[in-house]
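Student: I would like to learn how to read aromatic rings in a model. Can you take me through some cases?

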Amino acid sequence: MNKFLLLIVFCSLLITNQSLLAVPIPAEKLFNEPAVKLPDLSPDGQYASFLANHSGTSYLSLLDLETKELEGILILDNDQTLTDYNWLDANTLLVSVIINGQNRLVVTYREANSNNGKWQNVLLDQRGYLVSRLPDDNSKILIAVQTYNSNTYSELYKLPIQGLIQGDFDAKHLISGLPPEQRYFAYDSQIDRLILMGVDTDSENLLIAIRTLEKPQLLRSFNIDVENIDFLPVGFLSETTLAVLSNKDSNTQSLFEFDLITQSFGKQLYSHNKYDLVRADVSPFSGEVNSVSFNDHGRLRTEYFNQQDANNSVILRQQFPDNQYITAAKNDVTGQSILFIFDSDKPGSYYLFDHKAQKAELLLATFPALEQYDTVKNQLLNVTSEDGTEIEAFLTLAKKPNLKTLLVMPHGGPVGVREVDAFSPEVQYFVSRGFSVLRVNFRGSSGYGKEFLEAGVGELGKLIETDITVAVDKVLKENDFEHTCAMGSSYGGYSSVILAMNQPDRYECVVGAFGVYDLPLLFNSSNWAVLEEEQIRWENVVGEQSDELLDVSPVYMAEKLKAPTLLIGGVQDKIASVEQTRRMEYVLRRLNKPVQSLYYKNEGHGHSKWNGDWHQSTLTYQFLIEQLGLSPLQKEQILSTDLSKISEEYYWVGLNYDSTKNVNINRKLAHKFYLIAASLGHVEALYQLGRDLENGEGAPADFQKALAYYQQASEEGSAYASYHLGTLYSDGKLVPKDPLKAFEYYNLAKSLKFNATVNVKLAKAYCLGEGVTQNTNSCIELLDLNQQVNDKSPNLVNNFSYAFRELELAKLLLSEQISLETRTQIKLAIQRWYELDTLAVEVDMDEYGKIGQSATGISYDSSSNIEFSENNIIGVLLDVDIDGSYKNRTAKTGLVAHWKINTSNEADEIDDKKFSYLLIGTKYKYWYTRLGLSEIPESAISAELQVFDLDRNLKFSHTFNLIPE
């Protein structure tokens, strides 16, 4: 059985009937890829196909509609992604994948007439896309292939499917006579015509041409000026007439005839008096409208004019009375459809609809992990703004727990974007944690017609916020809320700040992410922003450049903001420059306003990966809780199966503040989030708390508390804590040296699958007889990392393991405790592991002194008197003569370099073997050693470099005198 089938086998993809009391939903389950998407039906109706995702791995999967078995027929590596696919016939699919950042094509096929045949995959050299399956010749397809390393310039092939499998892109299959400026292709099987499309680079007009496949002569050619109007082709009504969605001479986006020859709009085929159409379906030539779709009060609604589809719609509304649906795939030959059923409290599931039986059957859920949670349905609000304009909004009320807090969440844009009455991961995240959320389709939102859209232009900080406030007034009047905060991203960040400035007594906190706060800066923030087309784009949103923009820019009104504010920015943001957020933070800090900030170093206008949303949501939730003085999450509120995931979210925020990868280091904040994670049972957070207290980072140093954290973490299964305790008791620095305890903790870390450095630590104990009876065989066996790789040891062997082993080998070879027999066996093992040719060497000094940087690379100042500064590094480049013979210049040998530190203060104890290093190389490679003065005590007066061969014979020494600054 295929491993994908074993992994998923329906167990998690089917909806369950389990319903629980409202509990916090882990961010990872909300902000993630759907388990399945892009469904289709095989031409013979045997399979429903899906792109599937599991733990970041992409699959092309087939669900047998008779047996209900699910099979992965194309499984990619974690760094590869499936993006699209098409059935070519019942046994062949063309799949688009991204490999090493490049779009590639894969043919997935099985032998014809072999229903149980194994599916095979062929990676093509070509990039491109399927244009059409040819209905008059089922054995051939039209495929566009990108050429000349371009994403747009394409060749078109009429290719046998079998030839595609074999990669036979021979010139004989090439469609000739294609205009170079029209290289995006479509094929209309109803009118049997090839459609060529492109854009005129000078006028930006839409270019359309029509021809047959067989003859290169163009039957029709059109140059269409679509500037300043919506123009979305739906299909051909004839060779010279298109059906298009447009708002030309109409307030709402409607369905029109469009004459290609005269470039004029003809009969209006359908129009809604309030809402824009979002899609339509028409019959070629007849011009009959089969269906139109629009968002009615935010809910997707489709009107069918085809009688059969209308009848099916009635049946489906009876079966799913409270849900919305989309036809995601359809097979007219077999009378099957795949429907996507969803709603504001349901992320959606796929159903198979049998047209004859008029029955819908569940196939797969898109987010099966969410099915056990009591998600919340939106409430529609209709309010009237001060000037009589009707405004729609959506309110999602928290159940239990209910923190009696309203989050006003303006959407981005602001012009041309909208909220819909559908499932929102962000909304459900906060609602499941006790917050209620209000989202408003203010003026400028799309979907309500051209007048409503254009009414939002230039109304930033004015009518837009007035519309939001009217909705907030209604909600606060009709519900019992104790707190109100505003939060949003992009324009939503701007709007949240403005709302709090305009009503400082209403809004108690603000979160602005990737926001715009200095409107004039939009017009000159970069070289790109000053281009005429970019200037026009911004004018179509914020209005013309003028001093009036200063009056609605939060940066210049900062004194009005009272609410504590969290500002989030993306350093790579090309839409709302990070300078916008930095300016807002700067003026707030200058005015001593309560502000916190977070800058994602590797993000732009939002997050490129889902874990960014997890991080931001956790951070935002904690900010809200703290600013409002609300009770944070408690263990008993969380499902036992979710504790590890939710505690991991807090731990991960802490880790981010603890490193430089994506946010600036802030040890204090890291410590705070570790505390929260630990309170929710995160074991590794306990270890991190111990580390903070041991080093005095993020919290005052307190080794006794640190030790208690380490011990608790170790007892609860932390391999890191166990390993660290082993090191503490082995070194005897902060606790009394106890080799027996060290050995026990190292063994525990090994059992908890700590990486192979713990094997090296245990090997040292066996070599020296520390905490265990001396055993040379165990010593050598644990040091043999290559063998552990071959044996697939659960203790990961990585590059650090090898580097760490080299340090310990050097110390062992120089140790006075080790027996001659054990030292001999270690020496022989080193010769074997590193394939050394000889141990006979002579050593001298080539270059030496304080290390610096020159135009040609590393430089040495040739001085033995070094100023004692923590920034200085001493180095020696060794001249190694292997076996005294020129002919052996490529032979490998080994040495041990040891830095012996002499101090003026006897109290400064220095591990005599701390600065010992194993050196492996040939005559001309790897013979250097260095000592950073920051690593040694200030009482050091000299550092002597000693170089030994593997038999512990001193081959070279040199002393550096350390001169006080």
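Tutor: We will go through ring pairs, then charges over rings. This is a predicted model: local features need pLDDT of at least 70, side-chain atom pairs count only at pLDDT 80 or more, and totals for chains, interfaces and linings use all residues. Residues are numbered from 1 along each chain as its sequence is written, and side-chain values use heavy atoms, without hydrogens and water.

Student: How is a pair of aromatic rings described?

Tutor: By the distance of the centres and the angle of the planes. Rings of Phe, Tyr and Trp (its six-membered ring) pair if their centres lie within 6.5 Å; planes under 30 degrees apart are stacked, over 60 edge-to-face, the rest tilted.

Student: How many aromatic pairs does the structure hold?

Tutor: It holds 34. One of them joins Phe31 and Tyr429: centres 6.1 Å apart, planes at 50°, tilted. Phe31 lies in the loop between α2 (27-30) and β1 (36-41) and Tyr429 in helix α5 (residues 425-431), so this pair ties together parts 398 residues apart in sequence. Helices (H or I, at least four residues) and strands (E, at least two) are DSSP runs, numbered from the N terminus.

Student: Are Phe31 and Tyr429 buried or exposed?

Tutor: Both are buried. Buried means under 20% relative accessible area, exposed over 50%, partly exposed in between (1.4 Å probe, protein chains only).

Student: Which residues have a charge over their ring?

Tutor: The rule: NZ of Lys or CZ of Arg within 6 Å of the ring centre and within 35 degrees of the ring normal. Arg433 lies over the face of Tyr429, 3.8 Å from the ring centre. Arg582 has its charged end over the ring of Tyr599, at 5.3 Å from the centre.
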